[in-house]
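Reader: I would like to learn how to read the features of a structure like this one. Please take them one at a time.

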Amino acid sequence: MDVRGAAALLYDLWLLLLLVACGCMGVAQGGNHLTSESWLQSVSLNRSIVKNGFHRELVIDVRLGDGAHPDCCIMIEEQLPRGLYVDPYEVASLHEHGAKIFVQKGIDIEAPEYLSTAHMVIIYLNPNTSNPGHFTGKVPVHVRYHRPTDVEETNTLVILTNPRLMIHCQRDNLVQASWNPSVSELPCSLKSPSTLRWVNVTYQNVGEILTLQVPVGQKKHALIVTAATLLATILCCTLLLKVVWKHGQFES
């Protein structure tokens, strides 16, 4: 091998070593950045239903993993089944007390379950000052009346599916190709028209899927219920007319 061939071989070896070194540096940097965002892999969600009857409350608690950024915001997107609804008028009054809840338009609060459709609710969670790393929120939900049944079962189940959990942080470095999350452009608050990049996060579900037992009427009781309702109506009207006749002032 002559001197020119040896020089070309040494140049090729130098380029190969340079490429390998750059590749190792790139892997190390990517690994370090992924480790710095590892708290996203340990986010947990805990939901519960409190209160009884047809007027309940959905309580939400999200715990971020260790090392989470302190400037993050949490948003929950719930898809309520047609057996439940959120009252837009009640939510509007809660906004005056600092609640951060958004409901879609066109919700019929008077319709029964079999004439209703599922609808979306978005809840902006608040940081829990007494429990660092936790974000909490609650929203009042109401149970719709269900169609009477022919079977002997007096209850039916309403199931709440798992919601979407989205996170936005002031440091816009959550969206990384290393784990490729989906991103949504959504408002940053109820009062702001501007949108931000919210990362859809996979979370660990604490507890089982939420279910509610709802009482259901039976068709065989229709005659009894109708008769009792009619009798009560006649009795109340009779008493009302008696009071009006006794204490009312009539012009002669």
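Reader: Which residues have the most contacts inside the largest nonpolar core?

Author: A nonpolar core is a set of buried Ala, Val, Leu, Ile, Met, Phe, Trp, Tyr and Cys residues joined through side-chain atoms within 4.5 Å. Buried means under 20% relative accessible area, exposed over 50%, and partly exposed in between (1.4 Å probe, protein chains only). Here the largest core has 37 residues, and Val62, Leu165 and Ile167 have the most contacts inside it. A second, separate core of 5 residues includes Met75, Ile122, Tyr124 and Met166. This is a predicted model: local features need pLDDT of at least 70, side-chain atom pairs count only at pLDDT 80 or more, and totals for chains, interfaces and linings use all residues. Residues are numbered from 1 along each chain as its sequence is written, and side-chain values use heavy atoms, with hydrogens and water left out.

Reader: Is histidine 142 buried or exposed?

Author: Histidine 142 counts as buried because its relative accessible area is 8%. Strands (E, at least two residues) are DSSP runs, numbered from the N terminus, and histidine 142 sits in strand β8, residues 134-143.

Reader: With which side chain does histidine 142 make a polar contact?

Author: A polar contact is a pair of N or O atoms within 3.5 Å; within protein, one must be able to donate a hydrogen and the other to accept it, and residues adjacent in sequence count only if both atoms are side-chain atoms. For the side chain of histidine 142, the partner is the side chain of glutamate 90, at 2.7 Å.

Reader: Where does isoleucine 159 lie?

Author: Isoleucine 159 belongs to strand β9, residues 155-160, and is partly exposed, with 47% relative accessibility.

Methods
Helix = DSSP H or I, 4+ residues; strand = E, 2+ residues; numbered from the N terminus.
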